[in-house]
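Take a look at it first, and then we'll go through it piece by piece.

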Amino acid sequence: MKLLTLNFLTCAIKSCKSSPASFPLHPRDATLEIIESDLNLAFLRNILPRLMWSELCTITRELGLPALPETVPTGEDMVEKKEGEEEVASQTAKDLHRVLLETGIREGGLVCGNCGHEYKVLEGVGNFLLPGHLV
Amino acid sequence: MPEYLVRLVQVHESFRKAELQALADVAGIKIDFISYDEDSPFCVVGLPSDNAARTMISRGILSHGIYELWGEGSTYDNLHASVRKRSSEKWSLYHEIPFRFTLDSFRGSRKPADQRGIVDSFSYLGFMGPIRMKEAEVSFKVFEDYDNKASEPKHLYLGRFIGESGRQAKTTYDLKKRHYISTTSMDAELALLTANIALAATGKLFYDPFMGTGGFPIACAHFGALVTGSDIDGRSIRGTGGSARKGQTGKYDVAGNFKQYGTESHYLGAFISDLTNTPLRGLILGSEHGGYLDGIICDPPYGIREGLKVLGPREQLGEVERATHRDRYKEPTYIPPKRPYSFIAMLDDILAFAASTLVENGRLSMWMPTANDDDIELIIPTHPCLEIASVCVQPFNKWSRRLLTYRRLPDSEVSQEALLLAKKEYDKGVKADDLNAFRRKYFEGFKEYQRLQEAARATNDIVPEDTNT
Ligand SMILES: [Zn+2]
């Protein structure tokens, strides 16, 4: 599961959804994997304003990854200030791409900060099905 | 605006106009429909330029190509008169260069000698360049539109070739050549078409809540979107459930399908979940954070084989049973209980989910089966945050399948009450009232549909053949 998806995933339990503590889910005993992919400037620009930035920073901190900028970068921060035809991805864009789209959780758990329920990740696929007593 | 002739395919007719509109919308191009007929593969549109026409058609699935319209008429005399009137100032541009001049007869045919005669009748255009069948610099085509079994065409067009469609993707993504599929995979043509109608494109994020073996996400990735999906069945994502392909061995999974097409950079991965208890975050009222999905595409599970179930105990669990689930759920062999789920309740859940997760103007494209009954035909599930963008019908004998596409209205066009309702539905999972007369009627029709579908499966007669396109 790419780390980007963790910015959209919260606890599946309905009574948790209204609690701010249920988002983001906290990685536990996570094994990370890096899968290289093509940098996509158009996508980064579009997705930036939709991210919940401080929650993203929380996740990277908990995973011990290099710190992200404190405030959310802008679309302009994604390109180097260069004259010419071709857009060149900035270091900020490359770093973000690395974190959001190349780094993923291979194995481990994702824990709700509100109810403490742990969702398992196996072979890169998170399981958010709820056991009978929690539905 | 200059006029262009789109050479459509004569299949999935009711999807064609919706696709052309979507192709224009996704490219930010204004399109005017000048003439369109369900019974004809020729459509005349107004577009701002050749470039706009080329860009737009390049990802079309239900078309072959687009032509600058040089003239049209009901007889050859009328066509020649129209060509003289509309395009004479353009003739000289093509006097010296290698060219190609051919005939396309729809539902009709001409002997080679007649074809030559028709081409020769345009000699007044004054083209002196060499005739080339290959590598011509400019290509002209005469189009003849016949009624079924008619001896003479009812309408004629002359067009200058501008650009080819993206229909070859139908072959590239053919299920027969895909590594990993299931018995319910939607054929490549319809999956690509759905992705077009939902405006999948570079830079966007798309999601399929019932992804199965990933057919829709794969189609969206073809058009440049980044995609994710989920399924209640983890085996279909991880691929340990086997493939529907005969004699296939070894492990195939959804990620492997993306690799097959070279779009693995577009796949964000998938997760196991159930739409009624989705882990995806919803609307946060009073925050600057709105939706984050550009599009949602799905073919909700409605068939016999998949069963229509969601997680949850069949009835309220007793204290002892609850304790048993609590004790056992961490065991690897634990299977959560499932309960039957009304199809209508599911449609409402999908709409509430879309209202809460789509960006403003994002699209939901949802397939929905319907028994062919006058009362039922009109029922389209609604939500105050969603506006219907198009309804396309794939008719079968006694039932049909519809593709409903909705646009998420901007918050400014939606009432506060509607937003609050959307949030409440999303948080609490408000259920549809199955006792409503219309809904009950639909549901009865749906049972009939299930019976028909089962019968159709038994005779292997579900998907119509792609003939005479
Ligand atoms: Zn929770």
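Where chain B meets chain A, the rule finds one salt bridge across the interface. This is a predicted model, so keep that in mind as you follow along. The pair in question is R50(A) and D294(B), with 2.8 Å between the closest N and O atoms. Side chains of opposite charge can pair when their charged atoms come close.

On the chain A side 39 residues take part, in contact with 46 residues of chain B. The size of an interface is often given as the accessible area lost when the parts come together. Here the area buried between chain B and chain A comes to about 3,600 Å², and carbon and sulfur atoms give 63% of that.

Now let's turn to chain A itself. It has five helices and four strands, and if you read along the sequence they come in the pattern α-α-β-α-α-α-β-β-β. Its C-alpha trace spans about 60 × 30 × 20 Å along the principal axes. Of the 135 residues in chain A, 55% are buried. Look at the contacts in chain A with a separation of 6 or more, and you'll find that 68% of them come from residues 24 or more positions apart.

How many does the structure hold over all chains? The total is 23. One of them joins R110(B) to E144(B), where the closest N and O atoms are 2.8 Å apart. R110(B) sits in the loop between β5 and α4 of chain B, while E144(B) is in strand β6, so this pair ties together parts that are 34 residues apart in sequence. Both partners are tucked away: R110(B) counts as buried at 18% relative accessibility, and E144(B) is buried too, at 0%.

Another pair in chain B is E387(B) and R407(B), whose side chains meet at 3.1 Å, N to O. This one also links distant parts of the chain, with E387(B) in strand β15 and R407(B) in strand β16, 20 residues apart.

D233(B) is partly exposed at 26% relative accessibility, and R235(B) is exposed at 51%. There's also a network of salt bridges to trace, linking D50(B), E68(B), K90(B) and R160(B).

Finally, have a look at F101(B), in strand β5 of chain B. Its relative accessible area is 12%, under the 20% cut-off, so F101(B) counts as buried. Beyond its neighbours within four places in sequence, F101(B) is in contact with several residues, including V119(B), L125(B), F140(B) and L158(B). F122(B) is another of those contacts; C-alpha to C-alpha, F101(B) and F122(B) are 9.5 Å apart in space, and they're 21 residues apart in sequence.

Definitions and conventions. Residues numbered from 1 in each chain as written. Chains lettered and ligands numbered in written order. Predicted model: local features only at pLDDT ≥ 70, side-chain atom pairs only at ≥ 80, totals over all residues. Heavy atoms only, no water. Helix = DSSP H or I, 4+ residues; strand = E, 2+ residues; numbered from the N terminus. Buried < 20%, exposed > 50% of the residue type's maximum accessible area, 1.4 Å probe, protein only. Contact = heavy atoms within 4.5 Å. Buried area = accessible area lost by both parts, 1.4 Å probe. Salt bridge = Lys/Arg side-chain N within 4 Å of Asp/Glu carboxyl O.
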